[in-house]
Amino acid sequence: MLHEIVTIILHFAPFSEFRLAMIKDERSFDTGNLRKAVRVLGRSTTDLSVRPEHLQELEAFAARCVELKAELGAEEEDLGDIPDEYLDPVTAELMEDPVRLPSGHHMDRATITRHLLSDETDPFSRARCTVEMLVENAELRAEIEAWVATRRDWTSLQRRKPSLLR
């Protein structure tokens with residue numbers, strides 16, 4: 001099974017969207033586990049062992065994920081204090097694709113979709129909820145994107161001309 005998982009990871013590894021999805025899924029992403037998989041598969045003497053170049057690809061994928069996670073962490077720090085209305089109420093992370101739930105609450109689409117995979121209920125009202133019942137909130141999304149752009153512009157200006165901002 002490990003060999004099959006690694007094969008799938010290597011198939012999608014070239015895609016930046018996959019790396020981003022991997023590091024954002026904190027429930028299952030752990031670079032230590034990827035490196036352990038490399039060790040286990042590397043010393044396997046069964047037919048399930050993978051070629052050395054695939055092990056190197058997996059190690060490189062893990063390294064790229066670590067770099068990307070560090071970059072995203074730095075970007076989040078640059079944003080500073082995020083207004084509460086822009087934070088997902090479950091993950092406390094900046095929403096990228098806010099949707100309105102039947103209860104009227106807003107969540108990031110990725111967070112609520114992950115929740116609905118195991119429990120088709122609105123986490124605030126416990127009423128039945130499906131992906132089809134989620135309503136895109138383009139206005140809130142545009143507001144968040146504008147706020148992020150303003151913060152990035154400010155951070156960029158601080159880095160270039162710190163003495164002008166004092």
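Mentor: Start with the word contact: two residues touch when heavy atoms lie within 4.5 Å. This is a predicted model, in which local features need pLDDT of at least 70 and side-chain atom pairs count only at pLDDT 80 or more, while totals for chains, interfaces and linings use all residues. Residues are numbered from 1 along each chain as its sequence is written, and side-chain values use heavy atoms, with hydrogens and water left out.

Now the loop. Alanine 127 sits between H5 and E3. Helices (H or I, at least four residues) and strands (E, at least two) are DSSP runs, numbered from the N terminus. Leave out residues up to four places away in sequence, and alanine 127 touches Glu120, Thr121 and Asp122. Serine 103 is 24 residues away along the chain, and its C-alpha lies 8.1 Å from that of alanine 127. Is alanine 127 buried, partly exposed or exposed? Its relative accessible area is 36%, so alanine 127 counts as partly exposed. The cut-offs are under 20% for buried, over 50% for exposed, and partly exposed in between (1.4 Å probe, protein chains only).

Arginine 126 is in the loop between H5 and E3 too. Its phi is near 65°, a positive value in a residue that is not glycine. Most residues other than glycine have a negative phi. Alanine 92 is another case, with a positive phi of about 60°. That alanine lies in the loop between H4 and E1. At 54% relative accessibility, alanine 92 counts as exposed.

Next, the elements at the ends of our loop. E3 belongs to an open sheet of 3 strands, ordered E2-E1-E3 with antiparallel pairing. Its edge strands are E2 (106-108) and E3 (135-136), each pairing on one side only. H5 packs on this sheet and touches E1, E2 and E3. The direction of H5 makes about 90° with that of E2. Such angles run from 0 to 180 degrees between N-to-C directions, with axes fitted to C-alpha atoms, for helices over the stretch in contact. Pairing needs at least two DSSP bridges between two strands. E1 (residues 98-100) and E3 run antiparallel and are joined by 2 bridges. Valine 99 stands opposite glutamate 136 in E3.

H5 also has a part in the largest pocket. The space in that pocket comes to about 980 Å³. Its lining has 31 residues, and the closest to the centre are Lys24, Glu76, Glu93, Leu94 and Glu96. Helices H2 (16-24), H4 (52-79), H5 (109-118) and H6 (138-160) each give two or more residues to the lining. H4 supplies the largest share, 6 residues.

A pocket is an open set of points on a 1 Å grid over the protein atoms alone where a 1.4 Å probe fits, with protein on both sides within 12 Å along at least five of seven lines; lining residues have an atom within 4 Å of a point. Points are joined across faces, edges and corners, and the volume is the space filled by probe spheres set on them.

Step back to the whole protein chain. It has 6 helices and 3 strands. Along the sequence they follow the pattern α-α-α-α-β-β-α-β-α. Of its 166 residues, 28% count as buried. Take the contacts with a separation of 6 or more: 51% of them involve residues 24 or more positions apart.

One last residue, from another part of the chain. Lysine 36 is in H3 (residues 31-42). At 48% relative accessibility, lysine 36 counts as partly exposed. Glutamate 59 is 23 residues from lysine 36 in sequence, and their C-alpha atoms are 10.0 Å apart.
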